[in-house]
Amino acid sequence: MHSFFLLVQTIVTNFSYIYRSLENRNREILKQLTLRRAWNFLLLKSSYSLSNIIKKPIHWGTPVAVSIEPTTACNLKCPQCPSGLRQFTRPTGNLKTQTNTAILDGLGHNLQYINYYFQGEPFINPNFLEIVKEARKRNIYVLTSTNAHFISEQTAKDVIDSGMSEVVISIDGITQKTYENYRIEGNLDKVIEGTKNLVAAKKDAGSNYPILTFQFLVSKQNEHEIEDAKRLATEIGVDNITFKTIQVYDYETGNELIPDNEKYSRYKKLEDGSYVLKNKFRNSCWRMWSSCVFTWDGSVVPCCFDKDAKHKMGNITKDEFKKIWKSGIYKEFRNKIWKDRQQIEICKNCSEGSKIWV
């Protein structure tokens, strides 16, 4: 009996240590965990691990995380973004509340995390925060990514009231010159003002949420400002700052946006001057088990690299999600990944799938 209690104490102590060591986001996501969600995650992981062993996709469970697109509209013209370049072949539009509800109902109680972002600027959708509220009612961790140009004092208060779990704010420079190099037609002062509005609204409400995260997309033009960006984050009072590698479409022969510091690049320069992805391709992808993406009109696409929704698996407004998730077209797409992932166009610039999650 003494040994049993000692074992329990050891497990609790280790869990507490792991919990305290997690980042804010992961700790909060963990709080949304239920027995049902834990069981679903176990099904996903075990089927994915088994698939890695037998080299054939076997799929149990439903997504624990999804991205949902509030809109394809954007106020900026970022040079590596189809939305910014206005290069979509699919129509521009806003996510409707009924489509959002259909998604939430379709994925059910297994869903634990939503990123309300794919393409476009979420706050352009006039119903965006009502959409967020509906997800938060279901005990789901809700994150969004924004350029912060539309976050007035009142909007910041509304964000707090919505129950949003986290807001990621793109700030790719600490001077207007470096910021607008990528965020074309953007205004750094508006970004800082919007961020300060959120910080103040949290303080006024006595709330720890949403977690505020600066995201600094590292390029050749702004990599010298990394340390200054850290200081700015501390000065304003955001909770975190992350540094993200930039994706460029034509990287093989180099690109003016690729940083010199390879630590902040997803590409590696070879001796002949050409570039390759640092991550090695493996014919597997955890995202095909754990998540998917919904466009504003309810279409299901396999992941966030399919920006123009060329690989539509179905539409939540027309079919049940479980039918889409287990459909022949989805199964065939997973099979293609296992056979030769590099032959799939959207996978060629992917920074995921470089590790086997077993």
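Which elements do the buried residues of helix 9 pack against?

1. **Confidence.** Please keep in mind that this is a predicted model. The chain has a mean pLDDT of 87, with 90% of its residues at 70 or more. Over residues 2-22, however, the pLDDT is below 50, and that stretch has seven contacts in the model beyond near neighbours in sequence. Residues 353-358 also stay under 50 in pLDDT, and here the model has 18 contacts beyond four places in sequence.

2. **The packing of helix 9.** To answer the opening question, the buried residues of this helix pack against helix 7 (153-162), strand 4 (166-170), helix 8, strand 5 and helix 10 (226-236). Leu188, Val191, Ile192, Thr195 and Leu198 are among the buried residues of helix 9, and so are Gly194, Asn197, Ala201 and Lys202. As a reminder, an α-helix has 3.6 residues a turn, so residues three or four places apart point the same way.

3. **The length and ends of helix 9.** With 18 residues, helix 9 reaches 26 Å from its first C-alpha to its last, close to the expected 26 Å. Asn187 caps the N-terminal end, placing a side-chain oxygen 2.9 Å from the backbone nitrogen of Asp189. Just after the helix comes Gly206, with a positive phi of about 65°.

4. Pro210 sits in the loop that links helix 9 (188-205) to strand 5 (211-218).

5. Glu185, in the loop between helix 8 (176-182) and helix 9, has a phi near 70°. Ala309 has a positive phi of about 55° and belongs to the loop between strand 10 (299-301) and strand 11 (314-315). Are these two residues buried or exposed? Glu185 is exposed because its relative accessible area is 53%, over the 50% cut-off. Ala309 is buried because its relative accessibility is 6%, under the 20% cut-off.

6. **Glu69.** This residue lies in the loop between strand 1 (65-68) and helix 4 (82-85). Glu69 counts as buried because its relative accessibility is 0%. A polar atom of its side chain lies 3.0 Å from the backbone nitrogen of Trp296. Beyond four places in sequence, the contacts of Glu69 include Arg90, Leu95, Phe118 and Gln119, along with Phe294, Thr295 and Trp296.

7. **Strand 9 and its partners.** Strand 9 (residues 291-294) is covered on both faces: Ser291 and Val293 are buried on one side, Cys292 and Phe294 on the other. Strand 9 pairs with strand 1 in the parallel sense over four bridges, and Ala65 stands opposite Ser291. With strand 10 the pairing is antiparallel, over two bridges, and Val293 stands opposite Val301. The hairpin of strand 9 and strand 10 has four residues between the strands, and Gly298 takes a positive phi near 95° there.

8. **Cysteines.** How many disulfides does the model have? The count comes to zero, with a cut-off of 2.5 Å between cysteine sulfur atoms. Cys78 counts as buried because its relative accessibility is 4%, and Cys285 counts as buried because its value is 6%.

How values were computed:
Residues are numbered from 1 along each chain as its sequence is written. This is a predicted model: local features need pLDDT of at least 70, side-chain atom pairs count only at pLDDT 80 or more; totals for chains, interfaces and linings use all residues. Side-chain values use heavy atoms; hydrogens and water are left out. pLDDT is the predictor's confidence in each residue, from 0 to 100. Contact means heavy atoms within 4.5 Å. Buried means under 20% relative accessible area, exposed over 50%, partly exposed in between (1.4 Å probe, protein chains only). A polar contact is a pair of N or O atoms within 3.5 Å; within protein, one must be able to donate a hydrogen and the other to accept it, and residues adjacent in sequence count only if both atoms are side-chain atoms. The expected span of a helix is 1.5 Å times one less than its number of residues. Two strands pair if DSSP finds at least two bridges between them.
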